[in-house]
Amino acid sequence: MEFEKRLEKAIERGQRRSDAREQEAAQAALSEEELRRLHSQHRLALSEHIEHCLRALPQHFPGFRYETIVGERGWGAAIRRDDLIIQPGRGKAEYFSRLEMVIRPYSSAHILELQAKGTIRNKEAYQRNHYQRLSDIDITSFNELIDLWVLEYAEQYAAIQ
């Protein structure tokens, strides 16, 4: 009889352990969904700020074209410009300038990542990434970095004119 009681208790412990694992999985799924929601919320706010900043540049540097970026690379915006310079006796020169900023898609790393690439006259001006854990996010620092990187690009572009 003693064995039967021990067997029943072992089965009960196993069932409790199984129930605990299921509850942990449910809580993890909820927190995973919450992290996705946070990422989406911050992505929207930051992509709007990126769009606002990049839309201002073509007003100061005519010839740049604005484009919205939405897709597997992320959400954000870019400006680009193609220049063709013909010099007598030297031929022609083609120059490409572009600034792109995107918020990368949600990943299992649970981070919010800002990616920026700047090219001025066929030369890479910079390529940068900044990220923070979704649980410790500081949106103000992201907004300040977006401002800083756009201003830096504008200063470098103005210096070559």
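This tour moves through the side-chain contacts of a predicted model, one selection at a time.

**Stop 1**

Begin by selecting Glu2 and Arg6. Their side chains meet in a salt bridge, with N and O 3.9 Å apart. Both residues belong to helix α1, which spans residues 2-60, and they are separated by 4 residues, about one turn of the helix. Glu2 and Arg6 are each exposed. This pair is one of 10 salt bridges in the structure.

Ile11 is located in helix α1. Its relative accessibility is 46%, so Ile11 counts as partly exposed, the class between 20% and 50%.

**Stop 2: strands β1 and β3**

Next, select Arg98 and Glu67. Arg98 forms a salt bridge with Glu67, and the closest N and O atoms are 3.3 Å apart. Arg98 lies in strand β3 (residues 91-103) and Glu67 in strand β1 (residues 65-71), so the bridge ties together parts that are 31 residues apart in sequence.

Is Arg98 buried or exposed? Arg98 is buried, at a relative accessible area of 14%, whereas Glu67 is partly exposed, at 28%.

A network of salt bridges links Glu67, Arg73, Arg98 and Glu100.

Then move to Lys92 and Glu94. The side chains of these two residues also meet in a salt bridge, with an N to O distance of 3.9 Å. Glu94 is exposed, with a relative accessible area of 53%. Lys92 counts as exposed as well, at 59% relative accessibility.

**Stop 3: the aromatic rings**

Display the aromatic side chains and select Phe61 and Tyr157. The structure has 4 aromatic pairs. The ring centres of Phe61 and Tyr157 are 5.0 Å apart and the planes stand at 75 degrees; an angle over 60 degrees counts as edge-to-face, so this pair is described in that way. Distant parts of the chain are linked here: Phe61 is in the loop between α1 and β1, while Tyr157 is in helix α2 (residues 139-160), 96 residues apart.

How accessible are the two residues? Phe61 counts as buried at 13% relative accessibility, and Tyr157 is buried with a relative accessible area of 1%.

Tyr153 counts as buried, at 1% relative accessibility.

Finally, include Phe64. Ring pairs join Phe61, Phe64, Tyr153 and Tyr157 into a cluster.

**Stop 4: arginines over rings**

Select Arg43 together with Trp75. Arg43 lies over the face of Trp75, 4.0 Å from the ring centre.

For a second example, select Arg128 and Tyr126. Here Arg128 lies over the face of Tyr126, and its distance from the ring centre is 4.2 Å.

**Stop 5**

Go to Arg81, which is located in strand β2 (residues 74-87). Arg81 counts as buried, with 15% relative accessibility.

What does the side chain of Arg81 reach at 2.5 Å? At that distance is the backbone oxygen of Pro62. The side chain of Arg81 also makes a polar contact of 2.8 Å with the side chain of Asp83. Selecting Pro62, Arg81 and Asp83 together brings both contacts into view.

**Stop 6: Gln132 and Ser141**

End the tour at Gln132, in strand β5 (residues 123-133). Gln132 is buried, its relative accessible area being 15%, which is under the 20% limit for that class. The side chains of Gln132 and Ser141 are joined by a polar contact of 2.9 Å.

Definitions and conventions. Residues are numbered from 1 along each chain as its sequence is written. This is a predicted model: local features need pLDDT of at least 70, side-chain atom pairs count only at pLDDT 80 or more; totals for chains, interfaces and linings use all residues. Side-chain values use heavy atoms; hydrogens and water are left out. A salt bridge is a side-chain nitrogen of Lys or Arg within 4 Å of a carboxyl oxygen of Asp or Glu. Helices (H or I, at least four residues) and strands (E, at least two) are DSSP runs, numbered from the N terminus. Buried means under 20% relative accessible area, exposed over 50%, partly exposed in between (1.4 Å probe, protein chains only). Rings of Phe, Tyr and Trp (its six-membered ring) pair if their centres lie within 6.5 Å; planes under 30 degrees apart count as stacked, over 60 as edge-to-face and the rest as tilted. A charge sits over a ring if NZ of Lys or CZ of Arg is within 6 Å of the ring centre and within 35 degrees of the ring normal. A polar contact is a pair of N or O atoms within 3.5 Å; within protein, one must be able to donate a hydrogen and the other to accept it, and residues adjacent in sequence count only if both atoms are side-chain atoms.
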